[in-house]
Amino acid sequence: MSGQKFQYDESGGTFFYFLLSFLALLLIPGTYYLWPRQPKQDPDQLAKECQCNGCKKKKLILQSNKPWKNTKALFVKFLIIMGWVILILLAYKVSQFDYEMANFDPFEILSIPPGSSQNEIKRAYRKLSLILHPDKETGDEKAFMKLTKAYQALTDDEARKNWEKYGNPDGPGAMSFGIALPSWIVEKENSLWVLGLYGLVFMVALPTVVGMWWYKSIRYTGDQILLTTTEMYYFFFVKTPSMTLKRVIMILAASFEFFKKRNAEVVERDTDNEEIPSLIKQLPNLGEKNKEVPLCNMYSIKARALLHAHLSRIPLNPETLDKDRQYIVKKCPYLIQEMVGCIHQVILLAYARRVPRVPTITTIENCMKLCPMIVQGFWEFKNPLLQLPHITEDNLKYFLAKKRQIKSLQQFAQLKGEERRLILRNLSDSQYEDVMKVLGNMPYIDFKVRSEVIDDENPTVYTAGAIVTVTVSLTRKDMKHLFGDDSINEQTMIDDNKTNAEMIDEMSEEQNQSAKAAKPAWLKKKKGQKKSHKKSINKKAAPTKNVQTPSQTVANNTQHAGNAVNAKKKDDKSEKESSKEKLSDVSDSEVESDRSDDEDSHDKKDMSLDDDDTEWEKFQQKITKRERVLEGRSNLSHEVHCPLFPDVKQEYWWVYICDRKSQTLLTTPVHVTSLVQFEEVQLKFTAPRWPGLYTFTVCLRSDSYLGFDQAQDIKLDVKEAPEIPTEHPQWDISDEETAEDVDAADEHSEFTTDEDISDNE
């Protein structure tokens with residue numbers, strides 16, 4: 001390609017254009033996302049907060065954990081402002097580059113009007129050349145060259161043609177491709193510095209950053225837990241399937257997050273050699289003489305002692321051990337969640353016969369129980385009323401009087417205001433107000449369970465091996481709705497119930513409207529169909545469908561199944577009799593029979609369309625549920641009152657299904673992290689392989705409060721599965737294989753029926 005030239009930017013103009021656009025691409029989104037903003041504060045937030053000593057101390061701890069927060073915000077603001085100042089200066093500098101690159105106009109250069117005569121052109125040239133000639137004191141070589149070129153463009157015929165045709169007296173220029181970098185980059189004297197900079201960035205800095213990121217990422221799981229810690233959890237849960245709460249604490253304290261060699265954030269002090277032994281003497285049943293590795297390591301014993309001191313509420317040195325306690329306690333909820341996941345994985349491995357024994361349900365529940373203990377800072381055998389501010393062991397004697405015997409927060413909330421104030425008569429008015437604030441904001445969960453077999457003809461009939469879906473509905477309210485003293489509170493509870501019901505109704509209406517709006521053309525009803533026919537058809541079709549509600553018991557299910565068959569026979573007889581009567585009346589009224597035939601055809605069409613509508617709505621609901629799962633869930637629900645926990649804690653819950661009789665876990669524990677008002681969780685498991693009456697337990701556990709756990713039993717009357725036809729050769733199974741499978745199933749049955757329990761007793 002002759003005539004093309006590749007050159008670097010000599011004047012630096014194009015480089016400034018590149019720099020201007022690049023800086024603008026960084027500054028505009030960076031200012032929007034990185035500019036520090038103050039969170040919106042509720043003006044009544046101070047009145048809503050608890051003013052106990054523990055909460056005040058926690059505020060100071062949270063502020064001390066972020067000492068550079070304000071400085072960092074000021075630094076970010078300064079960088080953004082400096083970036084905009086540089087952007088404005090660059091824009092001004094670029095605007096000054098366009099004078100030389102403007103269109104060449106010789107009349108403007110000679111300062112004469114267009115259409116001037118040759119004499120006027122010569123006269124103007126002589127006048128300006130005397131001023132701009134380089135030999136003169138006021139001379140300017142660059143301006144004189146431009147003046148000469150303008151004079152030639154107007155006096156020379158060839159130059160004038162080039163100017164009129166190409167805009168340049170010299171004719172068409174060669175096409176040039178510029179590189180938006182200054183020319184000093186390729187100059188010989190600067191080559192060593194440029195190569196050194198390239199090597200430093202691409203051969204040293206970039207590989208170092210990528211290597212550090214990779215080395216750090218391979219050491220952690222997806223939940224930012226050390227892989228060595230997870231491996232240690234697996235080892236001990238396989239070794240000890242049934243684990244006490246004391247041993248769970250030992251394993252938690254042995255996490256490698258508390259080991260200096262695995263975690264650089266851990267602080268080891270010389271004073272630990274004196275403070276830790278004296279602390280161990282105050283803690284009974286610590287198990288410091290355990291010889292198992294890593295339970296016997298010094299970091300594990302220190303973490304265990306600090307956890308016991310935290311649960312016993314023993315005061316520690318605020319400059320040394322208390323800081324270590326805060327760091328350990330802050331890590332515990334994430335580590336406990338990892339422990340729960342590890343236990344479930346071990347259970348799956350045990351069912352696959354890869355590990356010898358199945359961890360019991362006691363082990364996983366002890367792990368879950370430990371989380372609220374650490375958040376609230378006391379042992380499980382203590383009274384849950386200690387979670388309230390200003391309540392100490394001395395105040396509990398008023399709760400446990402002979403007439404009252406109040407042992408739970410729910411019982412205390414249901415008392416009248418006079419009785420509550422009488423129990424807490426030793427507290428001041430401000431302290432009593434703090435107690436009522438915290439108690440009123442605690443959760444009150446409406447826990448509902450519904451079980452069914454989805455996508456089955458009869459969803460409440462459970463056959464062996466069927467997939468049972470248990471839908472758990474959680475409705476969260478404040479504990480103040482249980483207060484039994486104020487009519488205002490009762491009215492607010494009624495209003496909140498109405499609003500919650502209205503919200504649920506609105507959500508269902510929106511789903512139905514979206515389903516109807518997205519309905520395909522082949523499901524739309526034709527004009528002229530009557531609504532009255534739907535009711536009659538639905539009434540007639542209800543017994544034949546035999547659809548049962550999930551609230552019916554198993555005994556009623558069997559009765560309804562028999563009644564459905566009888567009802568179907570009666571309907572067939574009644575239809576035959578009615579058809580005979582219609583045939584006898586044909587001669588009397590032929591027109592009415594024609595109308596009835598038309599109505600019957602319309603009814604059949606309405607019935608088929610109704611079935612299509614319900615199926616389409618179910619399909620749309622499945623799609624919306626999948627979309628919610630793909631969108632992900634937030635980790636914000638309600639803030640927990642936990643003055644001894646050194647960080648902000650949100651209310652989370654575990655939901656799972658277990659078999660108490662065989663001490664096994666049936667479903668993966670679901671961690672509900674976004675229960676603001678209402679949440680729905682679906683748990684699925686396979687029904688037992690043998691017919692019988694089984695009782696399973698659906699459990700709800702809090703990871704933030706003690707005394708808020710709930711459980712509901714569900715009974716499944718498992719029927720024998722229908723036989724699989726053996727006509728197809730690919731389904732043929734030899735008698736020897738079936739006998740072996742039956743024997744193996746008898747030996748390794750994970751469920752226990754109610755009849756087996758009664759026989760053993």
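A charge is taken to sit over a ring if NZ of Lys or CZ of Arg is within 6 Å of the ring centre and within 35 degrees of the ring normal. By this criterion, the charged end of arginine 421 sits over the ring of tyrosine 432, 4.7 Å from its centre. The structure is a predicted model, in which local features need pLDDT of at least 70 and side-chain atom pairs count only at pLDDT 80 or more, whereas totals for chains, interfaces and linings use all residues. Residues are numbered from 1 along each chain as its sequence is written, and side-chain values use heavy atoms, with hydrogens and water left out.

The UniProt record, an unreviewed entry, places the feature "transmembrane region" at residues 15-35, 74-92 and 192-215. Its positions are given in the numbering used here, feature names are shortened, and annotations may be inferred rather than shown by experiment. Secondary structure was assigned from DSSP runs numbered from the N terminus, with helices (H or I) of at least four residues and strands (E) of at least two. Residues 15-35 are 95% helix and 0% strand, and the end C-alpha atoms of this span lie 28 Å apart. For residues 192-215 the corresponding values are 100% helix and 0% strand, with 33 Å between the end C-alpha atoms.

Aromatic contacts were considered next. Rings of Phe, Tyr and Trp (its six-membered ring) pair if their centres lie within 6.5 Å; planes under 30 degrees apart count as stacked, over 60 as edge-to-face and the rest as tilted. The count by this rule is 14 aromatic pairs. In one of them, the ring centres of phenylalanine 259 and tyrosine 299 are 4.6 Å apart and the planes are at 20°, so the pair is stacked. This pair links distant parts of the chain, 40 residues apart: phenylalanine 259 belongs to the loop between α11 (245-253) and α12 (272-281), and tyrosine 299 to helix α13 (residues 298-312). Accessibility was classed as buried (under 20% relative accessible area), exposed (over 50%) or partly exposed in between, with a 1.4 Å probe and protein chains only. Both phenylalanine 259 and tyrosine 299 are buried. An edge-to-face pair is formed by phenylalanine 399 and phenylalanine 412, at 5.2 Å centre to centre and with 70° between the planes. Phenylalanine 399 lies in helix α16 (residues 396-399) and phenylalanine 412 in helix α17 (residues 409-413), so this contact ties together parts that are 13 residues apart in sequence. Phenylalanine 399 is buried, with a relative accessible area of 0%, and phenylalanine 412 likewise counts as buried at 0%. Phe256, Phe259 and Tyr299 form one aromatic cluster.

A nonpolar core is a set of buried Ala, Val, Leu, Ile, Met, Phe, Trp, Tyr and Cys residues joined through side-chain atoms within 4.5 Å. The largest core comprises 123 residues, and Leu252, Leu388, Phe412 and Leu439 have the most contacts inside it. Helix α14 (residues 321-351) contributes the largest share of this core, 13 residues. At least three residues are drawn from each of domain 3 (221-382) and domain 4 (443-500 + 633-722), the domain bounds coming from an automatic or database assignment. Leucine 439 is also separated by 8.6 Å, C-alpha to C-alpha, from aspartate 478, 39 residues apart along the chain. Aspartate 478 lies in strand β5 (residues 467-478) and is buried, with a relative accessible area of 19%.

With a disulfide defined as a pair of cysteine sulfur atoms within 2.5 Å, the structure holds zero disulfides. For cysteine 332, the nearest cysteine sulfur is that of cysteine 371, 8.4 Å away; cysteine 332 is buried at a relative accessible area of 0%. For cysteine 367, the nearest is that of cysteine 342, 9.5 Å away, and cysteine 367 counts as buried at 0% relative accessibility.

Several backbone features occur in loops. The peptide bond from valine 293 to proline 294 is cis, with omega near 5°, and proline 294 is placed in the loop between α12 and α13. Glutamine 224, although not a glycine, has a positive phi of about 60°; this residue is found in the loop between α9 and α10 (227-239) and counts as exposed at 52% relative accessibility. Arginine 353, also not a glycine, has a positive phi of about 65°. Arginine 353 lies in the loop between α14 and α15 (361-376) and is exposed at 57% relative accessibility.
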